[in-house]
Amino acid sequence: MTSRADAALVARLRSDLEACQFSVESLTELWGEQADAALFRGQRVPALRAIETVDSPLATLARAFILGLPVTIPDFTAAMPALGIDGAVALGLVDYAGSSDEAQWVVPRLDLRPYSFIDSHGAGEFFIASDLGELALGHAIPEHHVLGVGGASMTLSGLMVGDPVGTVLDLGTGCGIQALHAARHAQHIIATDISERALELAALNAELNGVPSIEFRLGSLFEPVSGESVDQVVSNPPFVITPRTEGVPAYEYRDGGMVGDALVASVIRGTASHLRPGGTAQMLGNWEYTQTADAFDRIAEWLEATGLDAWIIEREVQSVEQYAETWIRDGGTRSGTPEFDELYRAWLDDFEERGVTRVGFGYIALRKPVSGSPSLLRLERLDGPLGSSALGATIAASFAANDWLVAVGDAIADARLTVSGDVTEERHYWPGAEDPTVMTLRQGGGFARSYPLDTAVAAVIGACDGELSIRAIVDAIAQLLEVDGVALLVETLPSIRELVFAGVLLPPQR
């Protein structure tokens, strides 16, 4: 999607950015960690104060592309010697403030910033261009806005399984950030979107970061890959539940045009039709609780006919009031204005009409079995802090653990398991007591689960060093407790299976 002329300009742009060390580390050093944190919250004053008297190419590019402020033509020319102002105008990065013959300033037309991360392949950094946000615009964002890297996109990139694959589908690519991440482990990426502008910016970002393996296709949901199958699907779909009422903005980056959570159901079903055997999908989604149905019951119905292994992790539940406030504010409409109140009423009217009481948000991990029927349907609520933001490896390991559990069946009793290195045990005692009153197992990484333990399970885990089988360990504990060994094994095994899936206990050679 990038012409040869544009590619030459993008190469010059990349050269200028690298020359002035336009990086997350340099910018944080430029204005300090507190100003950097304020920018993340949408406040630019601390950063602006920190660089008011700084005269450097890095400060000039920060003012223009991150703070969204005009800069003088001489300063911009000095900061972009290879690209030049005319090249920046041609790429849509800036424009002259007035006629080009008389202008003293250039104004930004895009947000452009570095983005750093660590994944299973190590540390990395991208340059990401997107549309100017509310801060730079000074008003609510337009409906065709192309979003940059935010909290949701960072969450999804962390969920992405990074095992080498052939083809990845990035469904609803936006600025292309997930496609760029996928290029670190996939041979080919198909990035789709309903927005031509999003695809243009995503193509710019691919060129800017030297990633030639992404193919861009225009279209809704799975239409651009009709009849095709892929090894992996990643998607931050436009799942926001928006009233289909006149006067309510429908933002392309977040509103899929369907009623309620039907968009998420549609994406799940479509994924089933396009995954190759053994293929996986990671995505984000919303789901509704109604007066008569739990959201998990509805999700189970969505999954019933897909033939997919499925793992749903709910991270948050909001009241309909909280949900409406979140997304109205996300579009740039400020609380306390007549416009905000009008949208708020429309949201609450829609929820009331459809009997919706709460909205859940979470992660969706799917896999197409290589053969046979699905063996995993797990729906869980985990609302505590996570042990890691890079959960792709955890998801892959849990799917593999599930396969091992299915294959080993009841013979798990003869397995020799070990405890993962990130696991700790916490014990609480009444003063002077010899025995603990509460024992809790805590996982340091992954989903940072905690498990209350009884005496027998705690003893089994403590003895799992890979030398003895579960059966042998339980028999020894039964003798100490003076209980029946067979009954204790039956009682203990469900907990052992759960701890294997969660990565607390590791099967042999894992």
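Me: Which residues lie nearest the centre of the second largest pocket?
Reply: Ser157, Gly158, Ser389, Ala390 and Leu391, out of 25 lining residues. This is a predicted model, where local features need pLDDT of at least 70, side-chain atom pairs count only at pLDDT 80 or more, and totals for chains, interfaces and linings use all residues. Residues are numbered from 1 along each chain as its sequence is written, and side-chain values use heavy atoms, with hydrogens and water left out.

Me: What counts as a pocket or a cavity here?
Reply: On a 1 Å grid over the protein atoms alone, a cavity is a set of points where a 1.4 Å probe fits but can't get out, while a pocket is an open set with protein on both sides within 12 Å along at least five of seven lines; lining residues have an atom within 4 Å of a point.

Me: How much space lies in that second largest pocket?
Reply: About 490 Å³, where a volume is the space filled by probe spheres set on the points, and points are joined across faces, edges and corners.

Me: And which elements supply its lining?
Reply: Strand E4 (111-119), helix H9 (151-159) and helix H16 (392-408) each give at least two residues. Helices (H or I, at least four residues) and strands (E, at least two) are DSSP runs numbered from the N terminus.

Me: OK, cavities. How many turn up?
Reply: There are 2 of 30 Å³ or more in the whole structure. The largest holds about 50 Å³, and its lining includes Trp327, Ile328, Leu343 and Trp347. Helix H14 (320-330) and helix H15 (338-353) are the elements giving that lining two or more residues.

Me: Switching to H19. What's its length like against expectation?
Reply: Its 17 residues (485-501) should span 24 Å at 1.5 Å a residue, and the end C-alpha atoms are 24 Å apart, which agrees. The expected span is 1.5 Å times one less than the number of residues.

Me: Where does it bend?
Reply: At threonine 492, by about 35°, with proline 494 following within four residues. The bend is the angle between axes fitted to the seven residues ending there and the seven starting there.

Me: Is Thr492 buried or exposed?
Reply: Buried (under 20% relative accessible area, 1.4 Å probe, protein chains only), and Leu488, Leu489 and Ile496 are among the other buried residues of H19.

Me: What's at the helix ends?
Reply: Aspartate 484 caps the N-terminal end, with a side-chain oxygen 3.2 Å from the backbone nitrogen of valine 486. Just after H19, glycine 503 has a positive phi of about 85°.

Key: Buried means under 20% relative accessible area, exposed over 50%, partly exposed in between (1.4 Å probe, protein chains only). A polar contact is a pair of N or O atoms within 3.5 Å; within protein, one must be able to donate a hydrogen and the other to accept it, and residues adjacent in sequence count only if both atoms are side-chain atoms.
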